[in-house]
Amino acid sequence: MKISCDEATKICDQNQYKEASFLDKLKLTFHLFLCKKCGQYSHQNNVMTKCYEKHKLFEIKKNNCLKDEEKKCMKEELKTKI
């Protein structure tokens, strides 16, 4: 049931992407209980994932906005229709 720190980080990465099996998750939980450095790695891994997801959402929203030229054209069209 005991695993090395290298194997724990591998399972931690798999768990992050929902690829770890139940047994691997159990082994990881047991290892993280005993190894504080791997616990810190797991925490930092989660923080980095959340930061990446927020950045990805920001980029998607940023790319969905109209450019200044498009806004100007729309304003012109609205003025002519009123």
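Modeller: A search of the whole structure turns up one salt bridge. This is a predicted model.

Biologist: Which residues form the salt bridge, and how far apart are the closest N and O atoms?

Modeller: K56 pairs with E53. The closest N and O atoms are 3.7 Å apart. The cut-off is 4 Å, so the pair counts.

Biologist: Where do K56 and E53 lie?

Modeller: Both are in helix 3, residues 36-63. They are three residues apart, about one turn of the helix.

Biologist: Why can such side chains pair in general?

Modeller: Opposite charges can pair when the charged atoms come close.

Biologist: Is K56 buried, exposed or partly exposed? And what about E53?

Modeller: K56 is partly exposed, at 35% relative accessible area. E53 is partly exposed too, at 34%.

Biologist: What does the C-alpha trace span along the principal axes?

Modeller: About 75 × 20 × 15 Å.

Biologist: I3 and K79: how far apart are they in sequence and in space?

Modeller: They are 76 residues apart in sequence. C-alpha to C-alpha, the separation is 69 Å.

Biologist: What percentage of the residues count as buried?

Modeller: Of the 82 residues, 17%.

Biologist: Which residues make up the largest nonpolar core?

Modeller: Eight of them: I3, A8, I11, C12, A20, L28, C35 and C38. Helix 1, residues 5-16, gives the most, with three residues.

Biologist: Where does I3 sit, and is I3 buried or exposed?

Modeller: I3 is in the segment before helix 1. Its relative accessibility is 9%, under the 20% cut-off, so I3 counts as buried.

Biologist: Now the surface. Which residues form a nonpolar patch there?

Modeller: M1, F22, L23, L26, F30, F33 and L34. Together they have about 800 Å² of accessible area.

Biologist: Take F30. Which helix is F30 in, and how accessible is the residue?

Modeller: F30 is in helix 2, residues 22-34. It is partly exposed, with a relative accessible area of 39%. Patch residues need over 30%, so F30 clears that cut-off.

Biologist: Is C51 buried, exposed or partly exposed?

Modeller: C51 is partly exposed, with a relative accessible area of 46%. C73 is partly exposed as well, also at 46%.

Biologist: Last topic, the backbone. What is phi of K18?

Modeller: Near 60 degrees. That is a positive value in a residue other than glycine.

Biologist: Where is K18, and is K18 buried or exposed?

Modeller: K18 lies in the loop between helix 1 and helix 2. Its relative accessible area is 73%, over the 50% cut-off, so K18 is exposed.

Conventions
Residues are numbered from 1 along each chain as its sequence is written. This is a predicted model: local features need pLDDT of at least 70, side-chain atom pairs count only at pLDDT 80 or more; totals for chains, interfaces and linings use all residues. Side-chain values use heavy atoms; hydrogens and water are left out. Buried means under 20% relative accessible area, exposed over 50%, partly exposed in between (1.4 Å probe, protein chains only). Patches are made of residues with over 30% relative accessible area and no salt bridge: like charges are joined within 9 Å, nonpolar side chains (Val, Leu, Ile, Met, Phe, Trp, Tyr) within 5 Å. Accessible areas come from the Shrake-Rupley method with a 1.4 Å probe; for residues, only the protein chains shown count as cover. A salt bridge is a side-chain nitrogen of Lys or Arg within 4 Å of a carboxyl oxygen of Asp or Glu. Helices (H or I, at least four residues) and strands (E, at least two) are DSSP runs, numbered from the N terminus. A nonpolar core is a set of buried Ala, Val, Leu, Ile, Met, Phe, Trp, Tyr and Cys residues joined through side-chain atoms within 4.5 Å.
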